Amino acid sequence: MSVILVFKISPFCKLNLENFLYEGGKMKFLRNIFAFLLIPAVVVAGYTLIKSFLYFMVSSGNRHVPFWIGILCYVVFQVILYKPMKTYVFGHELSHAIAGILSGARIKKFNIRKESGSIVLTKDNVWITLAPYFFPIYTYIVIIIYIFLGWFVNIKQFYGYFLFLAGFSIAFHVALTTYILSIEQSDLRIYGTFFSYIIIFMANIAVFVLLAALVFPDDIGVKDICLRVFGNIADIYKFIYAGVLEIWSAFRETR
């Protein structure tokens, strides 16, 4: 059976509790409960990553200035000129395709238009459906090209250009993914909107830790970040567990 994934920019649709818990008239109860339980982990992991990155930004000096210039240049480009939506749509559908191939699916149709696109695959799963929202494909293309060139030339002389393109492409991914998530997307309804948002946030955190290891291999201790993230997540769940036990004990005493 073929699966059609359609990406289309459509008007914003308000979301309410019913939209979060029920999709297409069917209750995705277990997925939403799982997503709800992941909220503390998402918040703590996001906070820890942002805090670590801000510390890196302050302490890194001038070595990584091209990276920040790349981010700034894309922001200025989008604000002053336009949103390169056709480029984004192509990357969006290509991300579906790559995730599909890695999951054992075959591509039957690939279609790109100015502000929409579609791909027909022989199978689907949550990673195929949500891949474009957490996989900055153009950043990974930049990284792959940089590593490939390293086999033939001394790439250290091009590190500044690499940082600029990495920053530019990451800003492209963050800005346009945020934009298209602010409007209704059929991809998110397939596995439930609330569940999909939580998975997207969690996956983006993991992907950005990986990107940090690839873009700043000599400057960011990814192992330390991961240990800090998992340690903080464990602490918040211990705190919640202790709080629930205390509330339950107080409730039983009042009966």
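**Close-up views of a predicted model**

**View 1. Glycine 104 counts as exposed, at 56% relative accessibility.** Exposed means over 50% relative accessible area, buried under 20%, and partly exposed in between (1.4 Å probe, protein chains only). Welcome to a predicted model, in which local features need pLDDT of at least 70 and side-chain atom pairs count only at pLDDT 80 or more, while totals for chains, interfaces and linings use all residues. Residues are numbered from 1 along each chain as its sequence is written, and side-chain values use heavy atoms, leaving out hydrogens and water. To find glycine 104, look in the loop between α4 and β4 (107-112). Helices (H or I, at least four residues) and strands (E, at least two) are DSSP runs, numbered from the N terminus. Aspartate 124 lies 20 residues away from glycine 104 in sequence, and their C-alpha atoms are 9.6 Å apart in space.

**View 2. The whole protein has 10 helices and five strands.** Among contacts with a separation of 6 or more, 79% are between residues 24 or more positions apart. Contact here means heavy atoms within 4.5 Å.

**View 3. Helix α2 (residues 29-59) packs with α9 at an angle of about 30°, their axes 9 Å apart.** This angle makes α2 roughly parallel to α9. Angles under 35 degrees count as roughly parallel, over 145 as roughly antiparallel, 65 to 115 as roughly perpendicular and the rest as oblique. Axes are lines fitted to C-alpha atoms, for helices over the stretch in contact, and angles run from 0 to 180 degrees between N-to-C directions. As α2 passes α9, the crossing is left-handed, meaning that the near helix is turned anticlockwise from the far one by less than a right angle (clockwise would be right-handed). On the α2 side, the residues in contact include Arg31, Phe34, Leu38, Val42 and Leu49. Among their partners on α9 are Phe194, Ile198, Met202 and Val209. By class, 17 of the residues in this contact are nonpolar, two are polar and one is charged. Ala, Val, Leu, Ile, Met, Phe, Trp, Tyr, Cys and Pro count as nonpolar, Asp, Glu, Lys and Arg as charged, and the others, Gly among them, as polar.

**View 4. Phenylalanine 194 of helix α9 is buried, with a relative accessible area of 16%.** Although phenylalanine 194 and isoleucine 33 are 161 residues apart in sequence, their C-alpha atoms are 9.9 Å apart in space.

**View 5. Helix α6 (residues 137-149) and helix α9 (residues 193-215) pack at about 25°, with axes 11 Å apart.** The two helices, α6 and α9, are therefore roughly parallel to each other. The crossing of α6 past α9 is left-handed. Thr139, Tyr140 and Ile143 of α6 touch Val207, Leu210, Leu211, Leu214 and Val215 of α9. Seven of these contact residues are nonpolar, one is polar and none is charged.

**View 6. Helix α4 (residues 85-102) meets helix α7 (residues 159-181) at about 90°, with their axes 11 Å apart.** With that angle, α4 is roughly perpendicular to α7. From α4 come Met85, Thr87 and Tyr88, and from α7 come Phe172, Leu176, Thr177, Tyr179 and Ile180. This contact has six nonpolar residues, two polar ones and no charged ones.

**View 7. Aspartate 235 sits in helix α10 (residues 222-254).** With a relative accessible area of 45%, aspartate 235 is partly exposed. Follow the chain and valine 44 is 191 residues from aspartate 235, yet 9.6 Å separates their C-alpha atoms.
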